Amino acid sequence: MECDILDSLEQLGGPLLEERVLLGAAEGGLSSPEYVGLCKWLASRLKPLCQLEESITSGPDDMESLHVEMSGLLKELRCPYEEVVSGILKGIVLTTRDHLKFLLFLSSELQAAQIVMSRRLSDEQPRESPVHQELLDIYETLSLPRPTGQDAGGLLSQVRDKVEEVLKDLPNGSIGNPVLKKSLCNEQWEKLHDINTALSSEYECRRRMLIKRLDVTVQSFGWSDRAKVKVDSMAKAYQPRRHSLRPQSTVAMAELLAAREDICNVVKTSSGSSREKTACAVNKILMGRVPDRGGRPSEIEAPLPEMPPWQKRQDGGGRGGGRGGRGGWGGGDWRGGRSEHGGKRGRYRY
């Protein structure tokens, strides 16, 4: 539970981001200034978002008022722990787990309120078409003033003139020739769009698999006893980078138009020019002798058969001859044992 609270507080930008400090504050409960301060911080941010009437203004020095304010706040938010909330009002001593439940509830409510508010604001704002948004990005990249009330032809003319002006200042051969030199009809563009959609779906599936393998690998690093005490440090270093990974592909049809002829020059990752920027000190470490892991079927001998092959009975075989012998049935060898009835039993070998 404390890990979920720490993750929520880290995303909200709250205090008490160390597990040891958080557990110590929760153990003290309402008599701990750190715990009360965290509750005040969460309540102060919840109040404008949820339009709450209750708030926390008292501290551990005024325990009676603090019990009333804390109980009133949780009741207004409809906290599901009704018995524990009523216990606060009655002054019943709560456990550390109960105090952690309150923190998890308040932090979750604050996250949910922020999400609802952000969606409400996005719905109230007028939505621009994707084409208009891309045109604004082009104007921003070229340092052009924001377009106002012009038709599409005039806007594209401004973009073309600005691009030609920028190209004149570049050295010769900086841009290169495009890969796509022919014009395509609408049907061909639709087919290319379908191909790109199928490839993007495939790449998204692969990215999700790689991200999941990354999560499992990083999670396995915390299984050792030495790493368990550094789980918070590992999470702080890993989570920001993990959240930046997106499974969706960002390759669009515009990449085809922007591709130059140099994209056809395939350079191996092990080439000298590539290794100039990717080589590091780890590559110079040579591994010593390692245990033989086998895996060569040609060096493995076939196992012995479980039962010997059947052979035809020879004349005169068996100690008693005919149907004699110790086991009867002649020519065989009876390996005696004890049956469940107390008599001899065994397996007849041909």
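Here are some notes on the structure above, which is a predicted model.

1. Overall make-up. The protein chain runs to 350 residues, and 20% of them count as buried. Its secondary structure comes to 13 helices and two strands. If you look at contacts with a separation of 6 or more, 47% come from residues 24 or more positions apart. The chain exposes about 27,200 Å², with carbon and sulfur atoms supplying 53% of that area.

2. The main core. The largest nonpolar core has 36 residues, and the members touching the most others are Leu 38, Leu 42, Met 70, Leu 74, Phe 102, Leu 103 and Leu 106. Two or more residues each come from α1 (2-12), α2 (19-28), α3 (33-50), α4 (63-76), α5 (82-90) and α6 (96-124). The biggest giver is α3, with eight residues.

3. Leu 106 up close. Leaving aside residues up to four places away in sequence, Leu 106 touches Cys 39, Leu 42, Leu 46, Leu 74 and Leu 77.

4. His 67. Is this histidine, His 67, buried or exposed? With a relative accessibility of 16%, His 67 counts as buried, because the cut-off is under 20%. It sits in helix α4. Beyond its neighbours up to four places away in sequence, His 67 touches Leu 30, Ile 88, Leu 89 and Gly 91.

5. Thr 95. You'll find Thr 95 in the loop between α5 and α6. Its relative accessible area is 44%, so it goes down as partly exposed.

6. Val 163, Val 166, Leu 167, Leu 170 and Ile 175 make up a nonpolar surface patch of about 360 Å². One of them, Leu 167, lies in helix α8 (residues 152-168). Leu 167 is partly exposed at 41% relative accessibility, and residues need over 30% to be considered for a patch.

7. Cysteines. How many disulfides does a search of the whole structure find? The count is zero. As for individual cysteines, Cys 3 is partly exposed at 38% relative accessibility, and Cys 185 is partly exposed too, with a relative accessible area of 39%.

8. Positive phi values. Two spots to look at when going through the backbone. Gln 51 has a phi near 55°, which is positive in a residue other than glycine. Gln 51 is in the loop between α3 and α4, and its relative accessible area of 70% makes it exposed. Ser 143 also has a positive phi, near 60°, and again the residue is not a glycine. Its place is the loop between α7 (130-141) and α8, where Ser 143 is exposed with a relative accessible area of 63%.

Methods:
Residues numbered from 1 in each chain as written. Predicted model: local features only at pLDDT ≥ 70, side-chain atom pairs only at ≥ 80, totals over all residues. Heavy atoms only, no water. Core = buried A, V, L, I, M, F, W, Y, C linked by side-chain atoms within 4.5 Å. Buried < 20%, exposed > 50% of the residue type's maximum accessible area, 1.4 Å probe, protein only. Helix = DSSP H or I, 4+ residues; strand = E, 2+ residues; numbered from the N terminus. Contact = heavy atoms within 4.5 Å. Patch = residues over 30% accessible without salt bridge, like charges linked within 9 Å, V, L, I, M, F, W, Y side chains within 5 Å. Areas by Shrake-Rupley, 256 points an atom, 1.4 Å probe, with all protein chains shown as cover. Salt bridge = Lys/Arg side-chain N within 4 Å of Asp/Glu carboxyl O. Disulfide = S-S within 2.5 Å.
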